[in-house]
Amino acid sequence: MNNETTTDAARGTFRINVEDEVSPLQTVIVHRPGREMERLTPPNHDHLLFDDLLSPARAKEEHEYFVAQMQDQGVVALEFMDLFKETLGNAEAKEFVLDNTINYKRLGPLLSPSLKDWADSLTPAQTAHLCVEGITKSEWEKIAEVPSLVAQTLKEDDFLIGPLPNHLFTRDASVWMYGGVAVNSMSREVRRRESLHYSAIYQYHPGFKDADFDIWTTGMSGAHRSAEGGDILILGGGALAVGVSERTTPQGVERLAERLFHAGKATRVLAVMLPERREFMHLDTVLTQVDRDKFVIYPEVIGSPCVLLEWDADYERIVVRAMPEDVPKALEATLERPLQFIWPDATAAELSREQWNDGFNMLALAPGKVIAYSRTPRSNKAMRNAGIDVIEIEGSELGRGRGGPRCMSCPVERANS
């Protein structure tokens with residue numbers, strides 16, 4: 001068993017192919033928890049979108065085991081930080097990232113130029129760690145003393161560049177599908193630089209820059225147009241299901257659909273309206289495909305309203321039509337075939353606990369084979385009863401950010417099958 005993630009610019013151009021959610025997984029981007037997790041504190045963890053502090057050491061162990069299970073199935077795991085460091089070896093990429101990282105408006109005309117000059121002198125690896133782990137006022141003052149009114153107003157532990165602990169959830173900032181990648185506009189400000197990093201990687205990294213694929217960018221900022229990867233399910237055959245949720249807006253769904261329709265890559269987008277509540281953060285917290293015709297679903301959302309967006313080629317416009325207020329029926333109508341929906345035989349309270357612990361969020365390694373957290377025994381049993389092969393991993397620490405195996409994986413290549 002190989003416990004190391006893999007990326008090697010010398011291997012050439014990466015293969016790109018994601019047509020659905022369940023074909024055999026070949027290549028995936030992951031991010032091993034780093035020092036940014038140590039930046040979580042009682043005062044800031046809510047702001048950084050974590051429900052609680054976690055043990056960084058234990059989180060790393062859990063993540064390494066997660067990656068090892070994928071590698072045991074022949075999956076190549078590309079480590080985000082390795083990709084990012086290699087990308088920043090390109091001077092143009094480094095300039096692009098730093099120009100959009102050091103916030104002139106927030107830091108002011110005295111502090112920001114000095115910080116930028118220093119960052120320009122860093123190695124690619126140092127720059128990558130700065131961008132992901134951040135830097136506090138006290139850390140900066142050990143590097144340079146710069147007279148600044150802005151600095152005078154900051155506390156010693158205030159961040160000049162904030163950390164990005166949510167990089168752990170590699171699904172959200174970008175999604176590969178149908179011959180291209182959507183670089184997403186993130187709903188929360190504390191996550192928006194994640195999209196910046198992926199935009200740089202896909203434009204400048206040696207393994208991506210010469211590959212043949214489209215990049216659909218919905219903007220790296222702007223909550224009104226947000227569309228996050230956890231809300232995007234690739235149904236196959238040019239179809240998508242996209243959640244309108246706490247993190248993805250109707251405007252974001254329309255912008256994404258418009259780009260895919262214009263590119264000729266998608267034909268229909270099923271929008272599923274979710275309650276705007278923390279536990280229903282993304283569509284994949286309540287609905288995940290686990291086999292060609294099988295989905296795991298949280299029963300509370302079965303009656304959610306659905307709308308289908310289609311492209312009218314004759315008039316070159318998006319057509320919107322209502323669907324049954326029944327998610328299973330809407331999915332069957334979208335895919336034009338019968339489907340099986342799986343959930344545990346349990347009380348409402350038990351189901352709620354399973355859902356909160358990511359019991360409806362799992363990563364398909366192949367049709368009928370998934371990775372799921374061990375802390376959701378009822379959901380795992382229901383899947384096994386439905387003929388799904390379930391590989392269990394620990395997630396007591398990783399799950400504190402409200403994300404499961406699907407959230408922690410960004411598929412780049414799935415085999416045609």
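Analyst: Let us begin with handedness: a helix crossing is left-handed if the near helix is turned anticlockwise from the far one by less than a right angle, and right-handed if clockwise. The model is predicted: local features need pLDDT of at least 70, side-chain atom pairs count only at pLDDT 80 or more, and totals for chains, interfaces and linings use all residues. Residues are numbered from 1 along each chain as its sequence is written, and side-chain values use heavy atoms, with hydrogens and water left out.

User: In which sense does α3 pass α4?

Analyst: α3 passes α4 in a right-handed crossing. Helices (H or I, at least four residues) and strands (E, at least two) are DSSP runs, numbered from the N terminus.

User: At what angle do α3 and α4 cross, and within what distance do their axes come?

Analyst: Two packed helices are described by the angle between their axes and the distance between the axes. Axes are lines fitted to C-alpha atoms, for helices over the stretch in contact, and angles run from 0 to 180 degrees between N-to-C directions. The axes of α3 and α4 cross at roughly 155 degrees and come within 11 Å. α3 is therefore roughly antiparallel to α4 (under 35 degrees is roughly parallel, over 145 roughly antiparallel, 65 to 115 roughly perpendicular, the rest oblique). K94, E95, L98 and D99 of α3 make the contact with K116, A119 and D120 of α4, where contact means heavy atoms within 4.5 Å.

User: How do α3 and α8 pack?

Analyst: Helix α3 (residues 91-99) packs on α8 at about 165 degrees, with the axes 10 Å apart. This angle makes α3 roughly antiparallel to α8, and the crossing is right-handed. On the α3 side, E92, A93, F96 and V97 meet L196, H197, S199, A200, Q203 and Y204 of α8.

User: How many residues does the largest nonpolar core have?

Analyst: A nonpolar core is a set of buried Ala, Val, Leu, Ile, Met, Phe, Trp, Tyr and Cys residues joined through side-chain atoms within 4.5 Å. Buried means under 20% relative accessible area, exposed over 50%, and partly exposed in between (1.4 Å probe, protein chains only). Here the largest such core has 63 residues, and those with the most contacts inside it are I29, F84, W176, M177, Y202, F208 and L240. Helix α8 (residues 192-204) gives the most to this core, with six residues. A second, separate core of 40 residues includes F280, I297, Y298 and A372.

User: With which residues is Y202 in contact, apart from its sequence neighbours?

Analyst: Leaving aside neighbours within four places in sequence, Y202 touches I29, S174, W176, V181, V183, F208, K209, F213, I215 and C410.

User: Is A182 buried or exposed?

Analyst: A182 counts as buried because its relative accessibility is 0%. This residue belongs to strand β6 (residues 180-183). The C-alpha atoms of A182 and W216 are separated by 4.6 Å, although the two residues are 34 residues apart along the chain.

User: In what order do the strands of the open sheet lie?

Analyst: Two strands pair if DSSP finds at least two bridges between them. The open sheet of three strands has the order β2-β1-β19, with mixed pairing. Its edge strands, β2 (76-79) and β19 (410-414), each pair on one side only, and the twist averages 20 degrees from one strand to the next. Strand β1 (residues 25-30) pairs with β19 in the antiparallel sense over four bridges; I29 has C410 as its bridge partner in β19. Helix α2 (residues 80-87) lies across β1 and β2, at about 55 degrees to β2.

User: Which residue of the hairpin of β16 and β17 takes a positive phi?

Analyst: Most residues other than glycine have a negative phi, and most peptide bonds are trans. In this hairpin, with two residues between the strands, G368 takes a positive phi near 80 degrees. Strands β16 (residues 363-366) and β17 (residues 369-373) pair in the antiparallel sense over three bridges, and A366 stands opposite K369 in β17.

User: What is the phi of E336, and what is that of D358?

Analyst: E336, not a glycine, has a positive phi of about 55 degrees; D358, also a residue other than glycine, has a phi near 70 degrees. E336 is in the loop between α10 (327-335) and β15 (340-342) and is exposed, with a relative accessible area of 69%. D358 is in the loop between α11 (348-356) and β16 and is buried, with a relative accessible area of 5%.
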